Amino acid sequence: MSIKYNREKISDGIHFTTLLNERQKTNTTVIHLVTGLSRDTVSLNAVIPYVLAGTNSSFTTLTALNRELNRLYGSVIKGTVTKVGDSQVLSLMSGCINDKYTFENEHITDGLTELMLECLISPHIENGGFFGKDFVLKKQELLDDIEAEINEKRSYAFKSAALRIFENEPSAIPVKGSLETAYAITPVSAYQQYKKLLKTAQIEIYFVGANEPVRSKEIIKNAFSALERDYAGDNSSALSAAKAQVCRVTEAHDVAQSKMVMAFKTDYKSTVVLKLMNAVFGGTPFSKLFMNVREKLSLCYYCSSGVNDKKGVIYVDSGVEHSNAKKAEDEILNQLENIQNGNITDDELENARLAIINSWRGVSDGARSIADWYFQRNYSNGSESPEDFIEMLKKVTKADVIDAAKSLKLDTVYILTGKEAAHNA
Amino acid sequence: MHKKQIIKNERIGEQYTYVKHPSGLDIYIWKMENYSTTHALFGTKYGSINTKFKTKDETDYITVPSGIAHYLEHKLFENEDCDVFSLYAKTGASANAYTTFDKTCYLFSCTDKTADSLKILLDFVQDPYFTDESVKKEQGIIGQEIRMYDDNAGWRVFFNMLQGLYHNHPVKIDIAGTVESIAEINPGLLYKCYNAFYNLNNMVLSIAGNIDEDEILEICDKHLKPNKNIELETAFEDEPENCAHAEMTGRLEIAMPLFNIGFKANPEKGIQAVRAEIETNFVLSLLADESSDFYKKLYDEGIINSSFSSEVFWGDGYFCSIFGGEARNPRLVLEKLKTEIERTKKEGLDEERFDIIKKSYYGSLIRDFNDAEAIATLMMNSGMEKLTAFDIIETVAAVTFNDVTARLKKQFNISNSSISIIEPLNKEGAE
C-alpha cells in the first residue's frame, strides 16, 4: 500500500519528511544527525545520542524523564548510533500511540514531540559540558559496550573483518570507536562536539503516522529554524576498491564453532541488480549458498550473503567447523563462479526476484522500516519508493546478474576460530 | 458452511474470526485492510518440555529423549522430494519455523499469492517423512546448532539459572536437547511424537493480513486431513517448591560478568496464568524498572548498567520472575534486590506510579496491533491457552493496585531464588 511521501527543506541542510498512512496506530519520529566517520570524533559522537535520550533541561534525571514517558502511554525516546557507508548517524527516535487510543482522548503526540526536541536542543548541562554525573555513566556504558562486543562472536567476527575489508577508509572505524578513543571523551569535549554537530551536520527528520502532524510539524520547524547553522554539506560514501592481494586473517578465541567472513568488492553501478545477484547467491534460504554449502554439504550451520551498496561490498557470513573452513571457502567461490558462468536456472532467478519484491512490499507496513527506507534513499540522493524499486527489479535480466557477479573480486577472508584449531592449522 | 465466531473488542475497535474446523483444528483469521503483508502461523502445542505423554489408547505415560520437538521442526521442513524453502520460493513468501518450550510453529509472511503459500504450509506440516539416512544427516546440523549456543553467553546464563531453579521440570534443558539426547533419536520415535502432537486437535492456524476469509477456509477444507481426537495428555515429574541450587556459575570469553536472577513461584494455568503474568509485570515495573528509585540508586552507584532488565517467564508447570544484565558484582545486585523486596513488602509499593505504569503497559500493547506478525502471534498464543487476543489488554486495563500488592506477597519469596553468573575467562572473581 502506498505511503504519502513529502520531503521539505526547513533550514540549511535540514529536511523534514512525512510518511503518512491512515492505518498507523502509532506515531514515530526519527531525527538523524549525519556526519563523516573519523577516529577523532567517533566516540564523542557515539555517546551523544545516549546522553540526549536520557535527560533534558526540564527532566534532569533518567527517572524523571521515564516517568513522563510512562505518563504519555509508554512513549519511548531512544538514542542510537549507526554506520552508513563512510558516515556516522546519530539518531533520536520517539514513538507513541495515536491520540485516539488514549483512555481520555489525551493529546500525547505533540507533547512527545516537544519532549524529544527538548532532549535534542536543550540538554541537561553544567560548567560548559554535559551534566557530569550522567555523562560518567553513559561513558562507562560506551566502554562496556565496546568491551562487550566480544560476547557475540558472529557480530564480533563481522566487526573485525570490517577493519580489514575497509583498511584506510572511514568505514573501517567501529561505530562506537575503540576503548582508547572512548576513554578520552569528557563532558566538555562531547558537549562542544554536540554544539558543532547542531550547526554543521546534515539533519534528516522523519515522521511516520496516520495523519498530517500539523502542530508537531510547527514545533519542529520552529525549533530547527531557530538553530544557528554553518552547514558542512551533504554526506556521501566512496566505493571501496579491491586490494591487489586477498587479505587473509585468522584470529584465535575461546569458541566451539568458527566464524568465517568473506568480502567481495564491486564497482557495479546498479544497487537493484546487485541485490538480485545477492539473492541468487546467498541472500535467501533457497539461494545457492544455502542449498549447497549448508543443506547439501552440511559445511556450515549458517551461510548467507549480504550487500553493502554504499561501499560496493558483497559479504558472505558463515558459521563453520574449523576443519571445514577451507572446504567451505572453496564451495562458496565455486557457487559464485557458477553465477558468473551463467549457471542460473530461470526458477532461481525468478524466485530470488519474488523474494525481494515480497520484502520490499512489506517495507511500508512498518514505521521504522519505511523511515529507514527513505533515509537510505535520501542519503544516496534518491527518493524512490519501494514500488519504484520493484518496477526496476522487474526489468533486470539474467545477463545483468551475470555481469554483476563478474564484477566481484575477492578482497578479504577473515576467520575467527578456536585456539586449539588455530594452533593446529 | 463454517460456524464462525466473531471476537470483538470495543476499546480498540478491532475484531477477528474464530472457526472450529471439522478436522479438529482451531482457526483464527484477522483481516487487516490496507496492509501489504500477510502473516500465517501453523502451530502445535508441542515444545521442548513435552517429553512425557499418553493418548487415550495408552494406559501409561511414555518418556522420550529431549530435543525431539525441535528435531521434528527441522525434519518437517524437508519433505520427500525437496526442501520446503524451495516450494515457498515459487510464491515469494519468506518462511520460517521455531520451537519454544511449549510450542512449535511454522510460519510464512508474504505480500502476494497467499493462497498458494497457505497450501504449502498446510501440506508439508501434515506430511512427515523420516528415514534413517535423513535423520542421521540432521544430527550433524543440530549438533552444530547446539555447539553454536554453547558459545552464547546470554543463552548459557539463562539455562544455568533454570537449572538452579528447577529440580525436575524439563524447562531446564536446552530446547534443542543435548548432543547425547539427539543421538538417541530415530524415525520410530519421530513418528510416535509426530502422531501424538501433530494431531489437528492439538494445533492452531492463525493468519492476519489483507486476506479473504472465505478463501482461507476453502483452502483449509481441501487441505486439512480430518483427525480423530486422541485425547492427548502431557505430564511432568513432580517439581518441589524450592530451588535446586542457590547459585550456578560458568565461564566464557566475555567482557563483564553476566547474570540472571530467578524467583521461583507456583505455576498457574489459562486466564489465571495471564493474570499472574500481568500482575507480576506490574510488580517488576514498580520494583525495578528504569523509573524506579531502586533502579536509579543502583545505576547511579554503578552497581547495574542500562542492560539491567526484568521479565516474567512461565509455561505449563513453571513460573518465575527474572532479573538480568551485566554487572561487575552480580551477587551484590542479588543482595540489594532481596533487601528491596523485603522493604517493599513491609512499606508497600509506590502507589503513585501505578497509574502511569498502567498507561505505559497499555500503550505498549496497542502498538502490537500495528503489525500482522504480532497479531497472528498473539492470536496463536492466546488461542493455545483457550483465551482471546483481547484478554491481555482487557486484564491490564482492569488490574488494581491491591491485586499487584497481593501478587508481590504471593510471588516473591526471597528464600526461593537462584542466581546464575557467567564470568569472564581471564578474571578470578567478580569483585
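These notebook entries record what I looked up in the predicted model.

**Conventions.** I number residues from 1 along each chain as its sequence is written, letter chains from A and number ligands from 1 in the order in which they are written.

**Entry 1: sheet in chain B.** I traced an open sheet of five strands in chain B, with the order 11-15-12-14-13 and mixed pairing. Strands and helices are DSSP runs numbered from the N terminus, with at least two residues (E) for a strand and at least four (H or I) for a helix; two strands pair if DSSP finds at least two bridges between them. The edges are strand 11 (247-252) and strand 13 (309-315) of chain B, each of which pairs on one side only. From one strand to the next, I note an average twist of 20 degrees. Helix 5 (residues 153-165) of chain B packs on the sheet and touches strand 11, strand 12 (258-264), strand 14 (318-326) and strand 15 of chain B. The direction of helix 5 makes about 30 degrees with that of strand 12 of chain B; axes are lines fitted to C-alpha atoms, for helices over the stretch in contact, and angles run from 0 to 180 degrees between N-to-C directions.

**Entry 2: strand 15 of chain B.** In which sense does strand 15 pair with strand 11 of chain B? I find the parallel sense, over six bridges, with strand 15 covering residues 417-424. B:Thr249 stands opposite B:Ile421, and B:Met248 opposite B:Ser420. With strand 12 of chain B, strand 15 pairs in the antiparallel sense, also over six bridges; there B:Leu258 has B:Ile422 as its bridge partner. Seven of the eight residues of strand 15 are buried, a residue being buried if 20 or more other C-beta atoms lie within 10 Å of its own, exposed if 12 or fewer, and partly exposed in between, with C-beta atoms placed from the backbone.

**Entry 3: domains of chain B.** Chain B is divided into domain 1 (4-234) and domain 2 (247-424), with bounds from an automatic or database domain assignment. Their centres, taken over C-alpha atoms, are 28 Å apart. The contact takes 42 residues from domain 1 and 33 residues from domain 2 of chain B; contact requires C-beta atoms, placed from the backbone, within 7 Å. Helix 5 of chain B gives the largest share of the domain 1 side, 10 residues. By class, I list 22 nonpolar, 13 polar and seven charged residues on that side; Ala, Val, Leu, Ile, Met, Phe, Trp, Tyr, Cys and Pro count as nonpolar, Asp, Glu, Lys and Arg as charged, and the others, Gly among them, as polar.

**Entry 4: chain A against chain B.** I find 48 residues of chain A in contact with 53 residues of chain B. Helix 12 of chain A supplies the largest share of the chain A side, eight residues. That side has 16 nonpolar, 20 polar and 12 charged residues.

**Entry 5: A:Thr17.** A:Thr17 and A:Asn6 are 11 residues apart in sequence and 5.5 Å apart in space, C-alpha to C-alpha.

Methods:
This is a predicted model: local features need pLDDT of at least 70, side-chain atom pairs count only at pLDDT 80 or more; totals for chains, interfaces and linings use all residues. Two residues are in contact if their C-beta atoms, placed from the backbone, lie within 7 Å.
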